[in-house]
Amino acid sequence: MKATAFLTLPLLCAALLCGEGWAVKPGDIPALPPGQSVPAPKPPAPKPPEPRPPAPKPPAPTPPKPIIPAPKPPVQPSSPPEIVPTAPPRPQPAPPLLPLPNPPAPPAASRPSDPLYPQQWSLNTIGMTQAWAQTPQLLNRLSKTLPIPAPITVAVLDTGFINSPELAGRVVNGYDFVHDPARAGDGDGRDTDASGVGQYAYHGEVVANIIAAAHDGQGMVGINPTARIVGVRVAGTDGLIDPQDLADGLRWAAGMTVAGVPGNPNPAKVLNLSLFADFIPLTGCDARIQQAIDAVNAKGALIVVGAANDGADATGYSPAGCRGVLTVTSATQQGTRPEYANWGRSVGIAAPGGETGHGIVVSSLSGPGGMRAPEGTSMAAPHVAGVASLLLSVRPRLTPAQLRSLLTRTATPFPGGQCDPVAAHTCGSGTLNAAAAVRAALASSVGK
Ligand SMILES: [Ca+2]
Ligand SMILES: [Ca+2]
């Protein structure tokens, strides 16, 4: 393994930015799959002040609701019942002057019936209901009542591909870039099967679900339920990321050539990186990663990056401290910086990332009861990536720079103008505001 790999040794969760608190609710330590132990990710290294799950207790997945609701007829289109105009009883011949009983109906799916939705507080925080209401053509896609926009492809560079039912038919097994067989856990180095392996495989799954989970009356809802996900594996079973694997994965995800690797038939317009590599010492952006970022930007794809969970300046991290990425830190529901969240001038925007006892509720095949509630900047970044994909759905020609601008200038200001009492601990321009971002995009023809 190359020298840089040593730099990626600390905690897995550090590399993956998962903050480790995957069971967020008080007293809710989920039972791990057999043979696993609670991710006590951190070896020696400088352990971030990350919030730890409360004392272990038997799995009592807080969510009152079952994840997988009563069996539904298999092929039921997820179109919201309300929307799909149940053939309105023919309007009378004479156009009534009085408004019809049902007003111009808020777009059907803007109020999903998925059982975890009421617990997905982060979606309210960023104004998703209002954002969806402005994009009815997306949510009505399955009902075929409106023109179908071309789906936007988002690459999730992470622990790999998981065939989540939330992404049925919209998730692609990308490529396994983990070159080191000793860390890959699948018996070889790079190969065409990007399937997640090991106890951290869920990480890429939940990130993808935050971005694109179906509004199908089951589990959770995603930010852009029409997006397509390409699962690109860059993290080993140890959860760590080798800089060269990441650099190659970045290029491939955007559709560029990587020696020895078949081309990506599904080039992405948005890349989500809830991770970092090369972080000890924190010397700043790795040159290989910066070059890959520059190439991806030139190709016209936006790179969204988690700021990491060390409660430190994100500038030293790769890729959080690199040029040309949109670095996302976590904000609480109140718009303040959770202790674990990195900060500083390289951070462009904040988004909900969860806190101890108040995590980001997600569907997860391997989670207790089919759900988890992790926290960390790993969860904040995909909120931004999801909204970016929504913006591209309505304005497909927006450039990475235009997307960054739209997202940051429409953000909700922090209370009192600061996310943290310490002035230097900045969190970007504010907290992600999906409703305002979509409104601004639709108000302009830029990128149309
Ligand atoms: Ca492999
Ligand atoms: Ca769902």
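Predicted model: local features only at pLDDT ≥ 70, side-chain atom pairs only at ≥ 80, totals over all residues.

Student: How many helices and strands does the protein have?

Tutor: Helices (H or I, at least four residues) and strands (E, at least two) are DSSP runs, numbered from the N terminus. The protein has 12 helices and 9 strands.

Student: What does it mean for two strands to pair, and how many bridges join strand 4 to strand 5?

Tutor: Strands of a sheet pair through backbone hydrogen bonds, either parallel or antiparallel. Two strands are counted as paired if DSSP finds at least two bridges between them. Here 4 bridges join strand 4 (residues 270-273) to strand 5 (residues 302-306), and these strands run parallel. Within this pairing, N272 has V304 as its bridge partner, and V270 stands opposite L302. Strand 5 also pairs with strand 6 in the parallel sense, over 3 bridges, where G306 stands opposite V328 of strand 6. Strand 6 in turn pairs with strand 7 in the parallel sense over 5 bridges, and S330 has A351 of strand 7 as its bridge partner.

Student: Is strand 5 buried or exposed?

Tutor: A residue is buried if 20 or more other C-beta atoms lie within 10 Å of its own, exposed if 12 or fewer, and partly exposed in between, with C-beta atoms placed from the backbone. In strand 5, 5 of the 5 residues are buried, so the strand is largely enclosed by the rest of the structure. Both of its faces are covered, with L302, V304 and G306 buried on one side and I303 and V305 buried on the other. In the protein, buried residues make up 58% of the 448 residues.

Student: Which residues have the most contacts inside the largest nonpolar core?

Tutor: In soluble globular proteins, nonpolar side chains tend to be buried together. A nonpolar core is a set of buried Ala, Val, Leu, Ile, Met, Phe, Trp, Tyr and Cys residues joined through C-beta atoms within 7 Å. The largest such core has 118 residues, and those with the most contacts inside it are L271, V304 and V384. Its largest share, 10 residues, comes from helix 10 (residues 377-394). Two residues are in contact if their C-beta atoms, placed from the backbone, lie within 7 Å. Leaving aside residues up to four places away in sequence, V384 touches V304, L326, V328, I349, A351, L407 and L432.

Student: At what angle do helix 10 and helix 11 pack?

Tutor: Helix 10 and helix 11 pack at an angle of about 115°, and their axes are 11 Å apart. The contact is made by V384, V387, A388 and L391 of helix 10 and by L403, L406 and L407 of helix 11.

Student: Where is S318 found, and is S318 buried or exposed?

Tutor: S318 is found in the loop between strand 5 and strand 6. S318 is buried, with 32 other C-beta atoms within 10 Å. The C-alpha atoms of S318 and L282, 36 residues apart along the chain, are separated by 8.5 Å.

Student: Which residues does T426 touch?

Tutor: T426 lies in the loop between helix 11 and helix 12 (434-442). Not counting residues up to four places away in sequence, T426 touches W343, G344, R345 and V347. T426 is buried, with 21 other C-beta atoms within 10 Å.

Note on methods
Residues numbered from 1 in each chain as written. Chains lettered and ligands numbered in written order. Axes fitted to C-alpha atoms, helices over the stretch in contact; angles between N-to-C directions.
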